[in-house]
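The following note sets out numbered points for a colleague examining this model. Please read each point alongside the sequence and the structure.

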Amino acid sequence: MRSRALWGGIFLWSVIGVTLPLVLAPTAPVQARMPRREIELSRRQDESYDVLLRRAEGVARSAVQRAFDEDIVVTEVAVTIVGKNGGASVPILRLQVTRQLWQREPDPQRWATYFPMSRMLLGL
């Protein structure tokens with residue numbers, strides 16, 4: 001009887017020793033994804049800088065929304081719009097926003113960073 005209890009105890013501790021580390025082991029962390037996109041936008045003939053900038057905001061808005069719609073794992077998106085005029089190419093705005101903030105207020109002007117020197121660098 002005593003040996004039976006001994007073997008039962010050994011068996012129990014063996015099971016605990018094998019399964020406990022598996023149960024307590026940390027799970028792999030969830031990795032958030034943040035796609036970064038760069039989109040070139042050429043200035044149209046006779047287009048002012050302000051019109052190019054409004055068009056850039058629309059393109060950035062569409063790119064952000066598309067990124068969130070295409071992948072539910074994406075938690076944040078960064079889009080840079082590069083304006084082109086003649087041979088010059090410079091960033092004119094960068095929109096970086098989390099999914100939560102975008103759902104609350106999907107306004108590119110709210111989340112964009114503008115580069116004021118772009119107008120001059122593009123010769124506009």
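1. Buried means under 20% relative accessible area, exposed over 50%, and partly exposed in between (1.4 Å probe, protein chains only). At 27% relative accessibility, Arg-43 therefore counts as partly exposed.

2. The model is predicted: local features need pLDDT of at least 70, side-chain atom pairs count only at pLDDT 80 or more, and totals for chains, interfaces and linings use all residues. Residues are numbered from 1 along each chain as its sequence is written, and side-chain values use heavy atoms, with hydrogens and water left out.

3. Four strands, in the order E1-E2-E3-E4, make up an open sheet of mixed pairing. Strands E1 (36–42) and E4 (112–114) are its edges, each pairing on one side only. Helices (H or I, at least four residues) and strands (E, at least two) are DSSP runs numbered from the N terminus; two strands pair if DSSP finds at least two bridges between them.

4. Strand E2 (residues 76–85) and strand E3 (residues 88–98) run antiparallel and are joined by ten bridges. The partner of Val-77 in E3 is Val-97.

5. Where does Arg-43 lie? Arg-43 is found in the loop between E1 and H2. Leaving aside neighbours within four places in sequence, Arg-43 is in contact (heavy atoms within 4.5 Å) with Leu-52, Arg-55, Lys-84, Asn-85 and Leu-124.

6. Arg-43 and Asn-85 are 42 residues apart in sequence, yet 5.5 Å apart in space, C-alpha to C-alpha. Their side chains make a polar contact at 3.2 Å. Such a contact is a pair of N or O atoms within 3.5 Å; within protein, one must be able to donate a hydrogen and the other to accept it, and residues adjacent in sequence count only if both atoms are side-chain atoms.
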